[in-house]
Amino acid sequence: MTQPIAPRRPDSPLDWVGRSIPATDVVITSVLGNCAFRARSERLRRDFYVKVVPKHVPGAPTDALRLLGRQVSPHVAKLVRIAPIGNWSAIVIEWADGVPLPRWIAERGLLTAAQGLEVIRQLALALNEFHYNCVAQLAVEPRNVLIEERAGELIVRLVGLENARRSGEATPSLDARIPHYTAPEILAEGRCTTSADLYALGATMFYGLCGRPPFDGSFATVANAQLFAVAPAIPDLRPRLSGRTVARLAARLLEKDPRARPIDAASVIEAAQFDRARPPFEPR
């Protein structure tokens, strides 16, 4: 027997294609995923990413995003507006161009040591803007790292702004997270910290250099390894990698104890700049 379809609520985001964001000329054009949309302003001739979240939920990303203020880093997709629509909030974010890191690797191969340092440096610059305002970004993973190449230089942007939370708050449900890039303290305690972003940065860079996360398998297997196992050494998986600064930095970021990691994103920027004199595209 066919089950009846439950009626949608009048303001359900499922019906939002074609709707305008209040106080803007941004119109939602297509569905990207769960309450995620692509939108466009014909006046500005620009596209935007829109994430719709419930308005009255403690610890919602809108609480953290309001702490950011004016964003200046070119390495993060910027928040444009948080617009209330009925019982929902529409988070409007700049549309970021670039190739996701997994596709970049599939098409061009693993990152070189110099490329890895440059990607770490630019991602740390993005995170520094969040951490300065006591906000954890909570979305550092390969699919959210977009890379462009301009005149031989890498331009890196971090997306996933809609996942941000105030540092110290409870994290979103772990069922919706990818444990491969989740810090041990989040798995153990369920609270986000800015240092958890640095762990995720190390795991993402491990992927960029080795083509796999530090640990793989089922959710339970990976979560257990994140808590208790030591990540493989990058030189063991990729012995021909020239320049070990990036491998050492990734290993520090992957420390289980947050106190053993770099103290903040600014320290990561400084460490990544130390070995940037190498050419950007070196032999693998």
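This is a predicted model: local features need pLDDT of at least 70, side-chain atom pairs count only at pLDDT 80 or more; totals for chains, interfaces and linings use all residues.
Trainee: How many helices and strands are in the protein chain?
Mentor: Both are DSSP runs numbered from the N terminus, helices being H or I with at least four residues and strands E with at least two. On that basis the protein chain has nine helices and ten strands.

Trainee: What percentage of the 284 residues in the protein chain is buried?
Mentor: Buried means under 20% relative accessible area, exposed means over 50%, and partly exposed lies in between, using a 1.4 Å probe and protein chains only. For the 284 residues of the protein chain, the buried part is 49%.

Trainee: In what order do the strands of the five-stranded open sheet lie?
Mentor: Two strands count as paired if DSSP finds at least two bridges between them. The pairing in this open sheet is antiparallel, and the order is S1-S2-S3-S5-S4.

Trainee: Which strands stand at the edges of that sheet?
Mentor: An edge strand here has a single partner strand, so one side of it is left without a neighbour in the sheet. The strands in that position are S1 (27-33) and S4 (79-85).

Trainee: Which residue takes a positive phi in the hairpin of S4 and S5?
Mentor: This hairpin has two residues between the strands. The positive phi is near 60°, and the residue is Gly86.

Trainee: What is the phi of Arg45?
Mentor: Most residues other than glycine have a negative phi. Arg45 sits in the loop between S2 and S3 (46-54), and Arg45 is exposed, with a relative accessible area of 70%. Its phi is positive, near 55°.

Trainee: Where does Ala23 lie?
Mentor: Ala23 is not a glycine, yet has a positive phi of about 65°. Ala23 is exposed, with a relative accessible area of 68%. Its place is the segment before S1.

Trainee: Why do the buried residues of H2 line one face of the helix?
Mentor: The buried residues of H2 (residues 101-108) are Leu101, Trp104 and Ile105. The arc is taken from the directions running from the helix axis to the C-beta atoms. Seen down the axis of H2, the buried residues line one face because they fall within an arc of 95°.

Trainee: Which residues are exposed on the other side of H2?
Mentor: The buried residues of H2 pack against S6 (99-100), S8 (145-150), S9 (153-158) and H5. On the other side, the exposed residues are Ala106 and Glu107.

Trainee: What covers the buried residues of H6?
Mentor: H6 (residues 219-228) has Val222, Ala223, Ala225 and Gln226 as its buried residues. The face turned away from them carries the exposed Ala220 and Phe228. The cover includes H4 (184-189) and H5 (194-210).

Trainee: Which residues touch the most other members of the largest nonpolar core?
Mentor: A nonpolar core is a set of buried Ala, Val, Leu, Ile, Met, Phe, Trp, Tyr and Cys residues joined through side-chain atoms within 4.5 Å. The largest one has 69 residues, and the residues that touch the most other members are Val119 and Leu201.

Trainee: Which helix gives the largest share of this core?
Mentor: Contact means heavy atoms within 4.5 Å; neighbours within four places in sequence aside, Leu201 is in contact with residues including Ile120, Val140 and Val268. The largest share of the core is eleven residues, and they come from H5.

Key. Residues are numbered from 1 along each chain as its sequence is written. Side-chain values use heavy atoms; hydrogens and water are left out.
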